[in-house]
Amino acid sequence: MKIATWNVNSLRQRLAHLLDWLKLVEPDVVGLQELKLQDEQFPFAELEAAGYHAVCNGQKSYNGVGIIARHPITDVSRDMGGFDDQQKRVIAATVNGVRVVNAYVVNGQSVASPKFEYKLRWLGAFKDYLTDELGGGAPVAVTGDFNIAPTPEDTHDAGYWAGKILCSDAERAAFRGLLELGLTDSFDKLVAPSGRFTWWDYRMGAFRRNLGLRIDHVLLSQPLAQRCASWHVDTAPRRLERPSDHAPVVAELGT
DNA sequence: ATGGTCGTTATACGA
C-alpha cells in the first residue's frame, strides 16, 4: 500500500502532472494540498477516469486540500471542529480501514509575522484534532505539507535556516508534539537512493542546486508504522516544465 | 541566498 502526499500548488495548473504521476506510480492514497480551487472546480471526472475516488475541501485562490484513493472513500470530515478558521486546510476520510488526515499547515511567513502566531495556534488545534482522530480506533495516516523542517539536517544549510520560519524552535517543538501523540514519521524508513528534501524555492535555481527543505510528511500510527517498509521523495515531477515547487513523498506499507 | 519565481477572478500578496 502506497500512501503519498503532494502539495501541487494549483491543481488546475498541475492536473496533467498529477494524472501522469498516478499512472506511473499507482499510489493507493494521496493527500493533496494547495489546490487553489473551489469544490465545484475540482476535476472529479478526470480523476475517476484515472481510477481514483476523490474528496476535497476547496477554497478560491488559496489553500484547499483533497484526498484521492483507489478504494472508496467514506466518513469524510472537513476542517477542525471547534477551531474557527476561514482557510481550508484540513480534510479527513476513511479509506480501506485507514483513517487518512490530510493537512496544509499554515506557512507563517516569518517568525515576526502575525501569521506566525496563527501558525502556532493552528498547530495547537491540530494536535487536539489528531488526538481525537487517534482515539477513533482506526489506524491513522497523517499526510501533509507541514511547513516544518523537523531537524537542522532537513535543510540544505542549517546555519542559514536556524531560527527562521519553517525551522524555528517553536515550530519544531510543535512537530515533536504531534509525534508524541503516537505517530511515527515514515521518513525513518528512508531508502538510500532518495534525497530527503521535498520542497525547493522557485527562485535562485534552488532545485538545480538542491537547496531544499524537508517539510512534507507522512506520519503513521503504530499499526501502520509497523508495516512501513520505505519512504522516498519522487523528484521526477519537480523536473518537469512548470512544476509544483514541492515533490511528492511516498510511504510504502507491506501487508 | 536575501535578488532572481510562481500562482491567483491578480496588477499585491502569499508562498
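Me: Start with helix 5. Against which elements do the buried residues of helix 5 pack?
Reply: This is a predicted model. The buried residues of helix 5 include Phe175 and Leu178. Glu171, Arg172 and Gly177 are buried there too. The elements they pack against are helix 3, strand 9 and strand 12.

Me: At what angle does helix 5 run to strand 9?
Reply: Helix 5 covers residues 169–179. It lies across strand 9 and strand 12. Its angle to strand 9 is about 125°.

Me: In what order do the 6 strands of the open sheet come?
Reply: The pairing in this sheet is mixed. Its edge strands are strand 5 (73–78) and strand 9 (183–185), each pairing on one side only. Neighbouring strands are turned by 20° against each other on average, direction ignored. The order is 5-6-7-8-12-9.

Me: Which residue of strand 7 stands opposite valine 90?
Reply: Strand 6 (residues 90–95) pairs with strand 7 (residues 98–104). The sense is antiparallel, over 6 bridges. Opposite valine 90 stands alanine 103.

Me: At what angle does helix 3 run to strand 7?
Reply: Helix 3 spans residues 114–134. It lies across strand 5, strand 6, strand 7, strand 8, strand 9 and strand 12. To strand 7 it runs at about 175°.

Me: How many residues of strand 4 are buried?
Reply: Strand 4 covers residues 65–69 and is mostly covered. In a regular strand, side chains alternate between the two faces of the sheet. Here Val65, Ile67 and Ala69 point one way, Gly66 and Ile68 the other, and all are buried.

Me: In strand 4, which residue is the bridge partner of valine 55?
Reply: Strand 4 pairs antiparallel with strand 2 (residues 29–33) over 5 bridges. In that pairing, glutamine 33 has valine 65 as its partner. Strand 3 (residues 53–57) also runs antiparallel to strand 4, joined by 5 bridges. The partner of valine 55 is isoleucine 67.

Me: Is alanine 206 buried or exposed?
Reply: Alanine 206 is found in the loop between strand 10 (199–200) and strand 11 (212–213). Leaving aside neighbours within four places in sequence, it is in contact with Trp200, Asp201 and Leu211. Its relative accessible area is 4%, so alanine 206 counts as buried.

Me: How far apart in space are alanine 206 and valine 140?
Reply: In sequence, the two are 66 residues apart. In space, C-alpha to C-alpha, the separation is 34 Å.

Me: Now the DNA. How many residues surround DNA strand B?
Reply: The closest are Ser10, Tyr160, Met204, Arg209 and Arg242. By class, the surface near DNA strand B has 6 nonpolar, 9 polar and 11 charged residues.

Me: Which element gives the largest share of the surface near DNA strand B?
Reply: Helix 1 (11–25) and helix 4 (158–161) are the elements that give two or more residues to this surface. The largest share is 3 residues, and it comes from helix 1.

Technical notes: Residues are numbered from 1 along each chain as its sequence is written. Chains are lettered from A and ligands numbered from 1 in the order in which they are written. This is a predicted model: local features need pLDDT of at least 70, side-chain atom pairs count only at pLDDT 80 or more; totals for chains, interfaces and linings use all residues. Side-chain values use heavy atoms; hydrogens and water are left out. Two strands pair if DSSP finds at least two bridges between them. Helices (H or I, at least four residues) and strands (E, at least two) are DSSP runs, numbered from the N terminus. Axes are lines fitted to C-alpha atoms, for helices over the stretch in contact, and angles run from 0 to 180 degrees between N-to-C directions. Contact means heavy atoms within 4.5 Å. Buried means under 20% relative accessible area, exposed over 50%, partly exposed in between (1.4 Å probe, protein chains only). A residue is near a molecule or strand if one of its heavy atoms lies within 4 Å of it. Ala, Val, Leu, Ile, Met, Phe, Trp, Tyr, Cys and Pro count as nonpolar, Asp, Glu, Lys and Arg as charged, and the others, Gly among them, as polar.
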